[in-house]
Amino acid sequence: KSKYNLEETDIALIFNDIKETNSWNISYSIHDLDNLNINNNKVKDSFELKYYPNKFISNYLQIIACHNSALIIYDYLIWEGGYNSMNSFAKKIKKNRSLLIMLLPAVLYVTIFSYIPMTGIIIAFKKYNYQAGILGSKWAGFDNFRYMILSNKLWPLTRNTLLYNIVFISLGLVCEVGFAIILNEITRKKFKKISQTMMFLPHFISWVVVATIVLNIFGDHGVLNNLLSSMGMDSFNIYSKAKEWPIVMVLMRLWKNTGYGCVVYLAAIVGISPEIYEAAKIDGANIWQRIWNITLPCLKPTIITMVLLAIGGIFRGDFGMFYQLVGNNQILLETSDILDTFIYRSMMSTSNLGMTAAAGLYQSVLCFITINLVNYTIKKIDPDYALY
């Protein structure tokens with residue numbers, strides 16, 4: 001909605017401005033409002049422009065001119081891109097062809113590897129037979145889901161997956177934002193680069209290598225137990241202590257992913273205008289006040305976006321980490337078994353594709369519901385921070 005004063009702006013200039021701003025081809029006729037009288041009052045004191053989309057035939061531009069209690073309405077027909085909407089669509093594609101070409105690989109990747117495989121969801125409702133194929137296999141209804149429920153593993157697996165991811169997201173957020181702020185406050189460039197490289201390095205180490213390192217340090221014949229034995233102390237085997245194992249998983253996760261995760265927040269901090277910090281220094285703000293009142297508020301949109309993206313996979317665990325660190329250790333499965341490792345073991349032991357597909361569909365539905373609920377809540381609080 002735009003308002004114009006007819007004493008300052010000619011109506012023809014208004015239409016020309018609309019044409020230049022929105023690239024519309026508008027057919028219109030100029031009305032001489034200066035000579036238009038209603039109840040002996042010239043209609044020239046105020047001017048209100050409204051745009052109303054009409055999804056059936058075209059679009060309308062409505063001009064409302066008023067003076068005191070007098071009101072006159074003009075309706076104008078607007079054709080986008082001429083007389084053919086397809087012509088407008090083609091022009092938009094031509095105008096943004098460079099951006100669309102850049103987007104094409106991502107669209108193809110998501111379509112081929114995410115959307116097309118979704119047709120395999122029907123395996124969760126079938127008694128899959130390799131010879132008959134997906135379409136030829138007999139329908140099993142909800143028998144595959146019933147097996148998960150009756151096995152009494154559904155709730156423990158869901159609980160473990162959810163709790164681990166909540167801790168990973170919350171502690172990971174604190175560590176990533178904290179280290180990003182620390183790195184930003186370091187003034188010595190050489191020390192800053194070395195620190196950032198050392199933090200970033202663990203991300204490139206495979207979980208297979210990490211599991212080997214942990215085994216060689218904390219295993220029965222690892223470095224720690226050999227050191228304890230040489231000092232005449234009892235050995236300590238962490239692979240037989242299920243209650244302590246979640247702490248190990250969390251520490252390994254933070255050690256490996258914090259350096260990589262803080263890059264996003266560090267980039268966001270670098271994007272904050274230095275003038276804001278300089279003004280705060282002039283006003284006498286110390287480093288903690290600048291972090292609390294400038295850095296963190298400016299990081300708020302990035303934090304919310306990253307958390308929302310993480311919540312989208314809150315019922316999906318890091319299979320590589322859990323499987324490589326825990327493996328098939330039955331002692332640790334009580335506190336370290338998640339849906340992903342359960343699906344893998346079930347597939348390897350029973351070759352029941354229907355049951356594993358049911359477990360995967362269960363994960364996907366939970367993630368879908370969770371991300372929509374969280375996004376809906378954020379949209380109600382502050383729509384600017386919602387993903388969609």
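Let's start at methionine 118, which is found in the loop between H3 and E8. This is a predicted model, and in it methionine 118 counts as partly exposed, at 44% relative accessibility.

Methionine 118 belongs to a nonpolar patch on the surface, made up of Leu104, Leu108, Tyr109, Val110, Ile112, Phe113, Tyr115, Ile116, Met118 and Ile121. Together these residues present about 1,000 Å² of accessible area.

## Aromatic rings that meet

The cut-off for buried is under 20%. Both residues also take part in one aromatic cluster, formed by Phe125, Phe142 and Phe145.

Another pair brings together phenylalanine 319 and tyrosine 323, and this one is stacked, with 5.3 Å centre to centre and 10° between the planes. Why are these two separated by about one helical turn? Phenylalanine 319 and tyrosine 323 both belong to helix H13 (residues 319-326) and are four residues apart, so about one turn of helix separates them. Phenylalanine 319 is partly exposed, with a relative accessible area of 31%, and tyrosine 323 is likewise partly exposed, at 23%.

## Lysines over tryptophan rings

The charged end of lysine 126 sits over the ring of tryptophan 139, at 4.6 Å from the ring centre. In the other case, lysine 256 places its charged end over the ring of tryptophan 207, and here the distance to the centre is 5.0 Å.

## Salt bridges

Side chains of opposite charge can pair when their charged atoms come close. How many salt bridges does the structure hold? The count is three.

In helix H5, aspartate 143 and arginine 146 lie three residues apart, about one turn of the helix, and their side chains meet in a salt bridge of 2.3 Å, N to O. Aspartate 143 is partly exposed at 41% relative accessibility, and arginine 146 is partly exposed at 43%. Aspartate 318 forms a salt bridge with arginine 253, where the closest N and O atoms are 3.1 Å apart. Aspartate 318 is in the loop between helix H12 (287-311) and H13, and arginine 253 is in helix H10 (residues 245-270), so this bridge ties together parts that are 65 residues apart in sequence. Partly exposed describes both partners: aspartate 318 has a relative accessible area of 22%, and arginine 253 comes in at 23%.

Are aspartate 337 and arginine 345 buried or exposed? Aspartate 337 counts as buried, at 8% relative accessibility, and arginine 345 counts as buried too, at 17%. Their side chains meet in a salt bridge of 2.5 Å, N to O.

Lysine 127, in strand E8, is exposed at 64% relative accessibility. From lysine 127 to asparagine 352 is 225 residues in sequence, yet 8.3 Å in space, C-alpha to C-alpha.

Helix H6 (residues 154-185) contains leucine 154, which counts as buried at 18% relative accessibility. The C-alpha atoms of leucine 154 and phenylalanine 342 are separated by 9.8 Å, although the residues are 188 apart along the chain. Leucine 183 is also in helix H6 and is buried, at 3% relative accessibility. Leucine 183 and lysine 193 are ten residues apart in sequence, with 9.0 Å between their C-alpha atoms.

## Cysteines

A disulfide is a covalent bond between the sulfur atoms of two cysteines. How many disulfides does a search of the whole structure find? It finds zero. Among the cysteines, cysteine 298 is partly exposed, with a relative accessible area of 37%, while cysteine 367 is buried at 4%.

Note on methods: Residues numbered from 1 in each chain as written. Predicted model: local features only at pLDDT ≥ 70, side-chain atom pairs only at ≥ 80, totals over all residues. Heavy atoms only, no water. Phe/Tyr/Trp six-rings, centres within 6.5 Å; stacked < 30°, edge-to-face > 60°. Buried < 20%, exposed > 50% of the residue type's maximum accessible area, 1.4 Å probe, protein only. Lys NZ or Arg CZ within 6 Å of the ring centre and 35° of its normal. Patch = residues over 30% accessible without salt bridge, like charges linked within 9 Å, V, L, I, M, F, W, Y side chains within 5 Å. Areas by Shrake-Rupley, 256 points an atom, 1.4 Å probe, with all protein chains shown as cover. Salt bridge = Lys/Arg side-chain N within 4 Å of Asp/Glu carboxyl O. Disulfide = S-S within 2.5 Å.
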